Amino acid sequence: MNLILLGPPGAGKGTQAKLMLQKYALPQISTGDILREAIRLGTELGKRVEPLLANGKLVPDDLVIQIIEERLKRDDATQGFVLDGFPRTLPQAEALEAQLKRAGKKIDRVVSLEVDEAAIVGRMGGRRSCPKDGSVFHLVNSPPKVTGKCDKCGADLVQRPDDVPEKVQNRLRIYAQDTAPLKDFYEKRNLLSRIDGMGNAEQVFGAISDALGKK
Ligand code: ADP
């Protein structure tokens with residue numbers, strides 16, 4: 001099954017993608033994670049995109065399209081995948097469609113997590129991540145075992161530079177302008193499932209599983 005998770009920043013795409021990995025063994029492919037890893041490693045790509053991510057701006061389409069093109073060719077993606085954070089613009093959606101077509105594949109379903117944007121700003125204020133291994137926590141919803149420390153590697157947790165309130169507002173604006181139109185794009189193709197994203201992670205996962213006919 002080839003899936004896309006759509007939704008504004010902070011809607012819980014990453015959390016749901018991780019549940020899908022655990023329960024359906026579908027690999028999570030997150031352009032945000034791939035870009036942050038490049039920044040951590042200090043690669044050419046990382047240096048180029050760092051100021052964009054820090055300010056909540058989109059990375060140019062050609063760069064992310066190329067990243068996904070290569071990532072989808074890897075072995076673990078041949079039996080299905082969950083895209084999280086891609087596509088984010090119409091040109092990205094069109095490029096993905098063309099790429100999959102060339103490979104004789106297609107998207108099976110697009111899950112749109114519908115959330116209240118006011119609530120998101122609050123949610124994102126509590127997000128903390130591990131600068132070493134990328135693990136994600138939330139001060140209230142999923143706190144680490146030891147305050148301020150990563151459960152997996154013990155590193156000091158940090159707030160993502162783009163999770164501060166004014167950057168979150170900016171990302172929400174970009175979502176409304178560039179990404180929300182993708183719902184129409186996929187609705188026209190009869191692929192869109194709108195899911196209420198305001199419950200807890202298990203409730204949302206249950207609703208997604210129902211929509212996918214997985215239960
Ligand atoms: P969120 O969904 O919480 O906004 P992500 O981790 O998906 O966070 O993305 C973080 C940042 O990475 C974005 O604000 C943007 O700068 C960049 N990015 C990720 N995916 C894309 C994409 N498909 N196109 C352009 N920029 C992207």
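What follows looks at the nonpolar cores and then at the salt bridges of this predicted model.

In soluble globular proteins, nonpolar side chains tend to be buried together. Here the largest nonpolar core has 26 residues, and the members that touch the most others are Leu-96 and Tyr-186. Several elements give two or more residues to this core: strands E1 (2-6) and E3 (81-84), together with helices H3 (44-54), H4 (61-71), H5 (90-102) and H8 (182-188). Which of them gives the largest share? That is H4, with four residues.

Now click on Tyr-186 and look around it. Once neighbours within four places in sequence are set aside, Tyr-186 is in contact with Ile-4, Pro-87, Ala-93, Leu-96, Val-110, Leu-191 and Leu-192. Notice that Leu-96, the other residue named above for touching the most core members, is among these contacts. There is also a second, separate core, made of 21 residues, including Leu-19, Val-82, Ile-195 and Ile-208.

Next, the charged side chains. Side chains of opposite charge can pair when their charged atoms come close. How many salt bridges does the structure hold? The count is 17, and a few of them deserve a visit.

Start with Asp-108 and Lys-106, whose closest N and O atoms are 2.8 Å apart in their salt bridge. Asp-108 has a relative accessible area of 27%, so it counts as partly exposed. Lys-106 counts as exposed because its relative accessibility is 53%, and the cut-off for that is over 50%.

Asp-163 forms a salt bridge with Arg-127, with 2.9 Å between the closest N and O atoms. Arg-127 sits in strand E5 (residues 127-129), while Asp-163 lies in the loop between strand E6 (136-138) and helix H7 (165-179), so this pair ties together parts that are 36 residues apart in sequence. Are these two residues buried or exposed? Both Asp-163 and Arg-127 are buried.

Asp-163 also forms a salt bridge with Arg-171, where the closest N and O atoms are 3.0 Å apart. Buried means under 20% relative accessible area, so Arg-171 qualifies at 9%, and so does Asp-163 at 1%.

Methods:
Residues are numbered from 1 along each chain as its sequence is written. This is a predicted model: local features need pLDDT of at least 70, side-chain atom pairs count only at pLDDT 80 or more; totals for chains, interfaces and linings use all residues. Side-chain values use heavy atoms; hydrogens and water are left out. A nonpolar core is a set of buried Ala, Val, Leu, Ile, Met, Phe, Trp, Tyr and Cys residues joined through side-chain atoms within 4.5 Å. Buried means under 20% relative accessible area, exposed over 50%, partly exposed in between (1.4 Å probe, protein chains only). Contact means heavy atoms within 4.5 Å. A salt bridge is a side-chain nitrogen of Lys or Arg within 4 Å of a carboxyl oxygen of Asp or Glu.
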